Amino acid sequence: MIVTRNAELNQSMHVQAMAQSIVLAHQSTLALPVQPQAQALKGDAGDMVFAAALQAAHLLGFVPADALCLAQAWSQQSLRTGEFHPEQWPTEAVDFGMAPWPRQHAFASCPQALGLYAVMPDAAWTIRMARAGVPTVQLRFKSGDASAVRAEVMATVAGVQGTGARLFINDHWQLAIEAGAYGVHLGQEDLQAMTPAGLKAIKDAGLRLGLSTHGYAEMLIADQHSPSYIAMGAVFPTTLKQMATAPQGTGRLAMYAKLLRNYPRVAIGGIDLASLPEVMKAEVGSVGVVRALMSAPDLDAAVATWKAALSPA
């Protein structure tokens, strides 16, 4: 009995040491404050890598659902490689249980680099952005008035014609299909509310599908649907929308982008021209912008500046 207890203590000490080694290797780039009410999940010390990674993810401020995804990926990575290196953050899709590409039932593709992506609150603003030369635009019109929603969607689709802009409609997928938009964008709550028949209708109509994510668990949910692109955020604090998760920062963005490298990737949330160079180091092909464009005194000049900054060197 004493021997067993000593073995358990030794295992626990090894797990703690491994967890600390992960934290020390990544705290400067990936750590966020641990929320006061956050409860750490406990893993079976029989899989020391899993248990250590679960503990480390909590200490680095990952929410429980993301911590669990990371712990499973660390465990799979160590099984696949036969090694444990605290510096080697998991970024291989196979370790997260993601299916390989190409995929037979994926949504229609879109360019790997969607470029400047303006997310606008109504038809007037969306059309204005498209006519100013923004290559990708999204109508994010929120209203409980069905007739108003229809009017906004139809006006936007008609208004962007001839501009060359790729138009995504947020949430209102039936109208997007009817009006012939380029694609549909869904947040996580919208995605959860969708039926398989609804998603099939979008796919069968040939529309592209973009999905929002805010961490590993949501990225894995999004990946199960093989969308046309995946948005990652919020990168920085934003006052435009109440966020359920903390701003992720550019360190986490870079890890997310490596995992999602088979997708076109959109970074969004509080990004301005000053922070853009650091965001682009994460190798995303698109940046979602709202306030920085809507507040610009000279929209044409602002769009030109943003497009130049986003162009490959």
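Q: Which residues in α4 meet α5?
A: This is a predicted model, to start with. In it, Ala-123, Thr-126, Ile-127, Ala-130 and Arg-131 of α4 meet Glu-152, Ala-155, Thr-156, Gly-159 and Val-160 of α5.

Q: And how do the residues of that contact divide by class?
A: The contact of α4 with α5 has 5 nonpolar, 3 polar and 2 charged residues.

Q: What's the angle between α4 and α5?
A: About 15°, with the axes 9 Å apart. Helix α4 covers residues 123-131 and helix α5 covers residues 146-160. Angles under 35 degrees count as roughly parallel, so α4 and α5 are roughly parallel to each other.

Q: Is the crossing left-handed or right-handed?
A: Right-handed, as α4 passes α5.

Q: OK, zooming out. How many helices and strands does the chain have?
A: There are 13 helices and 8 strands. The radius of gyration is 22 Å, close to the 20 Å that the globule rule gives for 313 residues, so the chain is as compact as a globular protein of that length.

Q: What box do the C-alpha atoms fill?
A: Roughly 75 × 45 × 35 Å, taken along the principal axes.

Q: How much of the chain is buried?
A: 48% of the 313 residues count as buried. As for contacts between residues at least 6 apart in sequence, 63% join residues at least 24 apart.

Q: Back to helices. At what angle do α3 and α9 cross?
A: Roughly 70°, and their axes come within 7 Å. That makes α3 and α9 roughly perpendicular to each other. Helix α3 is residues 64-81, and helix α9 is residues 216-223.

Q: Which residues meet there, in α3 and α9?
A: From α3 you have Ala-65, Asp-66, Cys-69 and Leu-70, and from α9 Tyr-216, Ala-217 and Leu-220. By class, the contact has 6 nonpolar, no polar and 1 charged residues.

Q: Asp-66, then: buried or exposed?
A: Asp-66 is buried, with a relative accessible area of 5%. Leaving aside neighbours within four places in sequence, Asp-66 is in contact with His-214, Gly-215, Tyr-216 and Ala-217.

Q: What about Gln-77, where is that found?
A: Gln-77 is in helix α3. At 5% relative accessibility, Gln-77 counts as buried. Not counting residues up to four places away in sequence, Gln-77 touches Gly-82, Gln-88, Trp-89, Pro-90 and Asp-95.

Q: New topic: how many residues of α10 are buried?
A: 10 of the 11 residues of helix α10 (residues 249-259) are buried, so α10 is largely enclosed by the rest of the structure. Among the buried ones are Arg-252, Met-255 and Tyr-256.

Definitions and conventions:
Residues numbered from 1 in each chain as written. Predicted model: local features only at pLDDT ≥ 70, side-chain atom pairs only at ≥ 80, totals over all residues. Heavy atoms only, no water. Axes fitted to C-alpha atoms, helices over the stretch in contact; angles between N-to-C directions. Helix = DSSP H or I, 4+ residues; strand = E, 2+ residues; numbered from the N terminus. Parallel < 35°, antiparallel > 145°, perpendicular 65-115°, else oblique. Left-handed = near helix turned anticlockwise from the far one by under 90°. Contact = heavy atoms within 4.5 Å. Nonpolar A, V, L, I, M, F, W, Y, C, P; charged D, E, K, R; others polar. Rg over C-alpha atoms; globule rule 2.2 N^0.38 Å. Buried < 20%, exposed > 50% of the residue type's maximum accessible area, 1.4 Å probe, protein only.
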